[in-house]
Amino acid sequence: MNDPIFNLTHGLYVLTSRLGEKDNGCIIDAVMQMTAMPQRIAIGVQKRNLTNGIIQASRIFNLSILTEETPQSVFQHFGMQSGRDVNKFEKCDAVKRSANGLYYIPKYTNAFLSCKVEQSIDMDTHTLFIASVTESQILGDVQGMTYNNYRKNIKK
Ligand SMILES: Cc1cc2nc3c(=O)[nH]c(=O)nc-3n(C[C@H](O)[C@H](O)[C@H](O)COP(=O)(O)O)c2cc1C
């Protein structure tokens, strides 16, 4: 489908959070930087995603910024199955924890941001979380994956 809205440029990210002993993460593209000083971002997360409920409760999340080298398997693993059915981190050895205690993804990423939720806005099917950045780190210099690149070259 060639919908004009697909011409909006989005990146792709692994959104991770943790509640109690449960770590979880999913793929999102709905991310934008809102302010620079202090740094704040907005993310859109489907209510039916397990990650949504975890962030509603924990109020913190990490965003790992995926590069254009990311294989389809990463999108399948984090974006096409739910943490309700599988433990997404069980066989995932390429993960590290940031200062907030949450996982981030060091492979196929060029940076991560740790964030603290300031506001959440109900958007019917989605929640819009507005969050401040509490930590950030550059992980590499490979260009970020865009949603258009994913649609054209990665998606099967
Ligand atoms: C390319 C791609 C982009 C996605 N973008 C979003 C998004 O912006 N927001 C969202 O809530 N889910 C998005 N998803 C869907 C979630 O990643 C997916 O529903 C995931 O399985 C939820 O996992 P969870 O239930 O463990 O949280 C996207 C998935 C893919 C493959």
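This report describes the strand order, the helices packed on the sheet and the surroundings of the ligand.

The model is predicted, with local features requiring pLDDT of at least 70 and side-chain atom pairs counted only at pLDDT 80 or more, while totals for chains, interfaces and linings use all residues. Residues are numbered from 1 along each chain as its sequence is written.

Seven strands form an open sheet in the order β2-β1-β5-β8-β9-β4-β3, with antiparallel pairing. Because β2 and β3 (31–36) stand at the edges with a single partner strand each, one side of each is left without a neighbour in the sheet. Strands (E, at least two residues) and helices (H or I, at least four) are DSSP runs numbered from the N terminus, and two strands pair if DSSP finds at least two bridges between them.

Two of these pairings are set out below.

| Strand pair | Sense | Bridges | One of the partner pairs |
|---|---|---|---|
| β8 and β9 (residues 126–138) | antiparallel | 12 | Gln119 and Ile130 |

In the hairpin of β8 and β9, which has two residues between the strands, Asp124 takes a positive phi near 65°.

The ligand is surrounded by 21 residues, the closest being Asn49, Thr51, Gly79, Ser82 and Gly83; a residue counts as near if its C-beta atom, placed from the backbone, lies within 6 Å. Strand β2 supplies the largest share of this shell, four residues, and β4 (39–46), α1 (50–58) and α2 (72–79) each supply at least two.
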